[in-house]
Amino acid sequence: MLLVGAYVMSEAFVQTGTGMFIGQKIAGLLGDHPNTFVMYFMFCLIIIILTQFMNNGATANLFFPIAIMTCEVLGCSAKGLMLAIQNASLIAWFFPTATPIMPLVMESGGYNVKSLLKQGMIPAVLKLITMIIWTSYM
């Protein structure tokens, strides 16, 4: 149901113009000619934080129209930013609070939040850096 609600909300962003409004505000923060790395990193960081409290698929679906409108205002292609958003939503699997399956793994494996953070932080940072660099150049 959360995913269905995210689809409805993203469609509402487009229909009401909220996506364009938010896109213009984000584009204003980034400046006239934003650095691609900074733009991707900003969106990815927001997505990674939100996926700790929301479903990762729903979070990505909410940000797709915002990313498209931001790129439309900046006059650039949204393909790379869409890929960065999707990848950032998948980084949620590296953190213990992001998915409902993690408490089951924690109990059965004898893990705690601290050990899962230690195990997930390095792969998450490496994937984020690699993804931003690769997507920016491709």
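Select helix 5, residues 79-90, and look at what its buried residues touch: they pack against helix 3, helix 4 and helix 7 (113-137). Contact here means heavy atoms within 4.5 Å. The buried residues of helix 5 are Gly 80, Leu 81, Ala 84, Ile 85, Asn 87, Ala 88 and Ser 89. A residue is called buried under 20% relative accessible area, exposed over 50%, and partly exposed in between, with a 1.4 Å probe and protein chains only. Helices (H or I, at least four residues) and strands (E, at least two) are DSSP runs, numbered from the N terminus.

Before going on, note that this is a predicted model, in which local features need pLDDT of at least 70, side-chain atom pairs count only at pLDDT 80 or more, and totals for chains, interfaces and linings use all residues. Residues are numbered from 1 along each chain as its sequence is written, and side-chain values use heavy atoms, with hydrogens and water left out.

Stay on helix 5 and check its length. At 1.5 Å a residue, its 12 residues should span 16 Å, and the end C-alpha atoms are 17 Å apart, which agrees. The expected span is 1.5 Å times one less than the number of residues in the helix.

**The whole chain**

Zoom out. The protein chain has seven helices and zero strands. Along its principal axes the C-alpha trace spans about 50 × 35 × 20 Å. Of the 138 residues, 40% are buried. Among contacts with a separation of 6 or more, 69% join residues 24 or more positions apart. The accessible surface comes to about 8,100 Å², and carbon and sulfur atoms hold 70% of that; such areas come from the Shrake-Rupley method with a 1.4 Å probe, and for residues only the protein chains shown count as cover.

Select Thr 51, in the loop between helix 3 (36-50) and helix 4 (56-74). Is Thr 51 buried or exposed? Its relative accessible area is 0%, so Thr 51 is buried. Leave aside the neighbours within four places in sequence, and Thr 51 is in contact with Asn 56, Thr 59, Ser 89, Ala 92 and Ala 98.

Now move to the start of helix 4. There a side-chain oxygen of Asn 55 comes to within 2.7 Å of the backbone nitrogen of Gly 57.

**Along helix 4**

Select residues 56-74. How many of the 19 residues of helix 4 are buried? The count is 15, so helix 4 is largely enclosed by the rest of the structure. The 19 residues should span 27 Å at 1.5 Å a residue; the end C-alpha atoms are 26 Å apart, which agrees.

Centre the view on Phe 63. Helix 4 bends by about 30° at this residue, and Pro 65 follows within four residues. The bend is the angle between axes fitted to the seven residues ending at a residue and the seven starting there.

Go on to Thr 70, also in helix 4. Thr 70 counts as buried, at 0% relative accessibility. Its side chain reaches the backbone oxygen of Ile 66 at 2.8 Å. This is a polar contact: a pair of N or O atoms within 3.5 Å, where, within protein, one must be able to donate a hydrogen and the other to accept it, and residues adjacent in sequence count only if both atoms are side-chain atoms. Apart from neighbours within four places in sequence, Thr 70 is in contact with Gly 23, Ile 26, Ala 27 and Phe 43.

After helix 4 comes Gly 75, with a positive phi near 75°.

**Last stop: Pro 96**

Select Pro 96, in the loop between helix 5 and helix 6 (102-109). Pro 96 is buried, with a relative accessible area of 7%. Beyond its neighbours within four places in sequence, Pro 96 is in contact with Met 102, Met 106, Val 113, Leu 116 and Leu 117.
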